[in-house]
Amino acid sequence: MMQAVCGVAGDDDPVLAAAHELAGLHERREQQIPGDTSDIDWTRARLVCEIDRWVALRAPTPASSAPMHTESIGAVVDRMAHFAALTYRALAYGAEAALHAAQLRLHELACGYADLITEVASGARRLPDGLDGETPESDGTQQIREQPRSE
């Protein structure tokens, strides 16, 4: 994942390809003069959803007692891509304090990401249901699942 957010494309893996694209979007966003970034942010949101759907379709069902993580895998990858872009920007401008802070945060996120992936893969951690009860179908349509109501 670190290679993908730091510039090495992972074309054979959809999550790594999305992470690489997110990094490019964050770099564009950092270089842009303040203004309308809605196109970039819309594309980022789409990629985060794609990662989350891919994970939701492949992750084992977690134990009902498994603790919930505060954000989705896609959101974590997006934050990693953001801090990779901040790292490159600080490096380009010679901003030593900003470089150190961005590198530290990126390293912390990478460690947290590795732990999260291990926990999700073993069913020991649940992810928030960012799909709002929707599951992607192979033909691109979506079907609504029954959700138990808490009253």
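Of the 151 residues in the protein chain, 31% count as buried, where buried means under 20% relative accessible area, exposed over 50% and partly exposed in between (1.4 Å probe, protein chains only). This is a predicted model: local features need pLDDT of at least 70, side-chain atom pairs count only at pLDDT 80 or more, and totals for chains, interfaces and linings use all residues. Residues are numbered from 1 along each chain as its sequence is written, and side-chain values use heavy atoms, with hydrogens and water left out.

**Exercise 1. Work out the order of helices and strands along the protein chain.**

Step 1: take the inventory, which is five helices and two strands. Both are DSSP runs numbered from the N terminus, with helices being H or I of at least four residues and strands E of at least two.

Step 2: read along the sequence, and the pattern comes out as α-α-α-α-α-β-β.

**Exercise 2. Check the span of H4 against its number of residues, then find what its buried residues pack against.**

Step 1: H4 has 21 residues, and at 1.5 Å a residue they should span 30 Å. The expected span is 1.5 Å times one less than the number of residues.

Step 2: compare that with the end C-alpha atoms of H4, which are 30 Å apart, so the two agree.

Step 3: list the buried residues of H4, among them Ile73, Val77, Asp78, Met80, Phe83 and Ala90. They pack against H1, H2, helix H3 (38-58) and H5.

Step 4: look just past the end of H4, where glycine 94 takes a positive phi of about 65°.

**Exercise 3. Describe how H2 and H4 cross.**

Step 1: know what to ask for. Two packed helices are described by the angle between their axes and the distance between the axes.

Step 2: get the numbers. The axes of helix H2 (residues 14-31) and H4 come within 8 Å and cross at roughly 50°. Axes here are lines fitted to C-alpha atoms, for helices over the stretch in contact, and angles run from 0 to 180 degrees between N-to-C directions.

Step 3: classify the angle. Under 35 degrees is roughly parallel, over 145 roughly antiparallel, 65 to 115 roughly perpendicular and the rest oblique, so H2 and H4 are oblique to each other.

Step 4: name the residues at the contact (heavy atoms within 4.5 Å). They include Ala19, Leu22 and His26 of H2, and Val77, Asp78 and Ala81 of H4.

**Exercise 4. Is aspartate 78 buried or exposed?**

Step 1: apply the cut-off. Aspartate 78 counts as buried because its relative accessibility is 10%.

Step 2: find its partners. Not counting residues up to four places away in sequence, aspartate 78 touches Leu22, His26, Arg44 and Val48.

**Exercise 5. Compare two further spots: threonine 37 and alanine 98.**

Step 1: threonine 37 lies in the loop between H2 and H3. With a relative accessible area of 14%, threonine 37 is buried. Leaving aside neighbours within four places in sequence, threonine 37 is in contact with Arg29 and Gln32.

Step 2: alanine 98 belongs to helix H5 (residues 96-122). Its relative accessible area is 40%, so alanine 98 is partly exposed.

Step 3: pair alanine 98 with threonine 87. They are eleven residues apart in sequence and 7.7 Å apart in space, C-alpha to C-alpha.
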